[in-house]
Amino acid sequence: MRSSPAASPGATESGRKRLSLPASRAAAVGVAFFLLCVFGAVRLMHGWVALGDRAQPVPGAASSPEAARPPEGRRSQDGALPAAPLLAGSGAGLPALEMLAREYAAASGKSVRLGPSLGTSGGVRALADGAVDAAIASRKLAPAEAQGLEQVEFAVGELVLAAGRDVPDASIRVEDLRRLLAGDSVTWSDGGAAEFLLREPGDSGTQAFLRAYPDLAPAFEDAAETARWPVLVTDRSMEATLVSQGRAVGVFERQAIRVRALPLEVLHIVDAVPAEAASRPLTLLLRADASADVRQFAAFVCGPAAQALLARAGYAAGSCAGGGKP
Amino acid sequence: MRRALPTPLPLTSRLSRLLLPLAVAVAVITALAAPLTWFFLSYRELQKGGADYASFLASQVGTLATESPDLWKYATPKIAGQVRSSLGVAPAGRVLVVDSLGRQAFAEGTEHGPMAWSSVHIPAAGADVGTVVVGVSCARLLKTGTLLVLLFAVVGGLAGFLLFRVPLKSLGTAEEHLNRAVEELAAARDALESANAQLEERVRAKTASLQEAHRRLEDHQEALQTMAARMLSVQEEERQRIARDLHDTAGQILTAVRLNLEVLRGQLAAARGGAAPQPGTPPAIAAETAALADRATEAIRSAIHALDAPLEQAGGLARALRDVALQFGQADLSVRVASADIPPGSVPAAVEICLWRVAQEAVNNAVKHSNARDVVVSAGLSGASAWVEVVDDGDGNPSAIVPGVGLRSMNERVTLLRGHLSITAGEPRGLKVRADIPVPRNDGTG
């Protein structure tokens, strides 16, 4: 009996194999193409990022007159050398030094210039670079920072909670303060919402305040981490914000309020006893090769006239007062 | 010619060729479109975040640099902290602030893997005093992007696989059914062919059997024809023997009776004196008996002539037919032979005798029963047969003919030779009797 190939079961089975083989091969090619695309996409992402990374802008030295110009601390206002000593560093010392500079000028006829708030660290670096003649510090220096520097602690400032003039209350309970830092709604006695202003972590004023009230440290750290309240990075900005926002409170220096006659009030903390005095030293930092003018000013701030002036402003006497080494 | 069954179409292969690009495209698009889109948008967002951060920091630093061109860089860490707190979240990466001399004023963060860099100049009093460079780490972006690609690759691969596999599997099942149907069809066709072959075999066997029967029948017919020819020959011989017997016995006796009656009539007439015999008298009776004897002698002579007229003696069929015409021709009846185109020896003797006897009987019938005035006899060869035709102008009617001995004799003679006898109406009147007898060809067939 004759039979066509398609009619034979064996032939049909082989036919199926013949049919399925190209399909399997094509599917394998498709899978390979797909995997290649996936691999290519990953490579594309890495390549794209690497391309952006290679485009890192590395600023080179500019051939500008700036390069040949000496630091400002060594120049006079009109460019002639030498000039009045330039002091810069922690903004915490500026209110006291502004007051002392005026007194120094009146007493000696010499002047000193005060630079912007650079922070203690910035002041130390500027001094090391010779950009300033003396730096201002509001904290104890690390050993590495203090190396080769003379420290003239001319006053000690007290840190308090300062409140804007629209705050009707004179005190705040420590629990309300903790709740306020935690972001809970806290109102003053007139029903107005209380606000808080924070300083950046490592600020000497906040650290001094928290050394006095260590129980509040977690609340401060939590508030700083969550950025729940505005974080200010200079005493100047804290001062301006407290003044402009009448219902806010923040850690501020009591003596600065008086020296600058700021419209701020000290807010007492009820139900809390400070572990120690909430204070920080105000120090002038001098290089070993400090000029005579600088040394003269340092001697002045430690002298009786300056110390009396500082005492009247509420500052406690620094370690140099009363014959301490300038 | 047998047509092959259709080979099953490679449906699975064809569909796979159609579906594969589609499935791969779906898989690739599914796997890559969303992750790559997310990646590039996120990269741009990352870069924009870095650029925004750098711009903001540069503007803040620029403000300070305007006030204090030499000290701004020492305040940069505080300003960077201010910016970081103002923007809420610092970019995870590297922040560099360099002055116009390329000296680093501030640096924070570390480089984690590849970075997306942005740089903004620090403007101060109409000049660039430095540059803020912000690099945002792309390590997390890359890691997340890669994970997304892999995750979507799994989804896309699955989608592509399903898109490719499900229709293919369904079609494969359909194709399997189709192939099975083709197999069943082939088996059915084989069975049909087998049955057909058996039927053909049986038909061949039956045909052979019929051919054998036909051959035997032809043999029988041939034997029968031979026997008929032999019978006719015997019949002719018998007729001649009867004719001789009649001539030798009855004819001689009647001649003797006639002679005796003449003698007797002469003696009776002499006895009466030569007077004319009176009716009823012996001489008259003798004379009448002599006349009867003459008539009997004449009848016997006619019978002898009818029985004993062999073709050999007549000189062939044409001469025999003319003898018939002469025999039956009378004063008021014309019997003539119009044509007799059958050469001697061209047909078997049995056929010639049959044609002659048919013509003899037909002319006899026309003379005796049709009141015809004219009878025409024709004979000839036509194709594979010899024929004879007798046409009269009498009053015969084919439908009114009652078959008698003569007609049956004609029919039997013609049938024995496998011929055909027909009696039809003549034109314009009378009857036409025609006999067609097949003549064997020279090769022995027929």
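Ala227(A) follows helix α7 of chain A and has a positive phi, near 55 degrees. The model is predicted.

Helix α7(A) itself spans residues 217-226. Which of its residues are buried? They are Ala217(A), Ala219(A), Phe220(A) and Ala223(A). Down the axis of α7(A), these buried residues fall within an arc of 165 degrees, so they line one face of the helix. An α-helix has 3.6 residues a turn, so residues three or four places apart point the same way. The face turned away from the buried side carries Pro218(A) and Glu225(A), both exposed.

**Chain A as a whole**

Chain A holds eleven helices and eleven strands. It has 326 residues, and 49% of them are buried. Take the contacts in chain A between residues at least 6 apart in sequence: 76% of these join residues at least 24 apart. The accessible surface of chain A is about 15,200 Å². Carbon and sulfur atoms account for 56% of that surface.

Ala125(B) is not a glycine, yet its phi is about 55 degrees. Ala125(B) sits in the loop between β3 (115-124) and β4 (127-137) of chain B. Is Ala125(B) buried or exposed? Its relative accessibility is 72%, so Ala125(B) counts as exposed.

Asn371(B) is another residue other than glycine with a positive phi, near 55 degrees. Its loop runs between α7 (349-369) and β6 (374-382) of chain B. Asn371(B) is exposed, because its relative accessible area is 59%.

Where does Pro428(B) lie? It is in the loop between β8 (420-425) and β9 (431-438) of chain B. The peptide bond from Glu427(B) to Pro428(B) is cis, with omega near 0 degrees.

**Salt bridges**

Over all chains, the count is 38 salt bridges.

| Residue pair | N to O distance |
|---|---|
| Arg199(A) and Asp203(A) | 2.9 Å |
| Asp52(B) and Lys48(B) | 3.2 Å |
| Arg103(B) and Asp99(B) | 2.9 Å |

How exposed are the partners? Arg199(A) has 6% relative accessibility and so counts as buried. Asp203(A) is buried too, with a relative accessible area of 5%. This pair belongs to a network of salt bridges. The network links Arg199(A), Glu200(A), Asp203(A), Asp235(A), Glu253(A), Arg280(A) and Lys78(B).

The pair Asp52(B) and Lys48(B) lies in helix α1 of chain B. The two residues are four apart there, so about one helical turn separates them. Asp52(B) is partly exposed at 40% relative accessible area. Lys48(B) is partly exposed at 46%.

Arg103(B) is partly exposed, with a relative accessible area of 46%. Asp99(B) counts as buried at 5% relative accessibility.

**Aromatic contacts**

The whole structure has ten aromatic pairs over all chains. In one of them, the ring centres of Trp48(A) and Tyr43(B) are 6.4 Å apart and the planes stand at 75 degrees. Planes over 60 degrees apart count as edge-to-face, so this pair is edge-to-face. Why does the pair join two chains? Trp48(A) lies in helix α1 (residues 9-54) of chain A, while Tyr43(B) lies in helix α1 (residues 11-67) of chain B.

Trp48(A) counts as partly exposed at 37% relative accessibility. Tyr43(B) is buried, with a relative accessible area of 5%. Both rings belong to one aromatic cluster, together with Phe39(B) and Phe40(B).

**A nonpolar patch**

Chain B also carries a nonpolar surface patch of about 380 Å². Leu158(B), Phe161(B), Leu162(B) and Val166(B) make this patch. Leu158(B) is found in helix α3 (residues 139-271) of chain B. With a relative accessible area of 51%, Leu158(B) is exposed; the cut-off for exposed is over 50%.

Definitions and conventions: Residues are numbered from 1 along each chain as its sequence is written. Chains are lettered from A and ligands numbered from 1 in the order in which they are written. This is a predicted model: local features need pLDDT of at least 70, side-chain atom pairs count only at pLDDT 80 or more; totals for chains, interfaces and linings use all residues. Side-chain values use heavy atoms; hydrogens and water are left out. Patches are made of residues with over 30% relative accessible area and no salt bridge: like charges are joined within 9 Å, nonpolar side chains (Val, Leu, Ile, Met, Phe, Trp, Tyr) within 5 Å. Accessible areas come from the Shrake-Rupley method with a 1.4 Å probe; for residues, only the protein chains shown count as cover. A salt bridge is a side-chain nitrogen of Lys or Arg within 4 Å of a carboxyl oxygen of Asp or Glu. Buried means under 20% relative accessible area, exposed over 50%, partly exposed in between (1.4 Å probe, protein chains only). Contact means heavy atoms within 4.5 Å. The arc is that of the directions from the helix axis to the C-beta atoms. Rings of Phe, Tyr and Trp (its six-membered ring) pair if their centres lie within 6.5 Å; planes under 30 degrees apart count as stacked, over 60 as edge-to-face and the rest as tilted.
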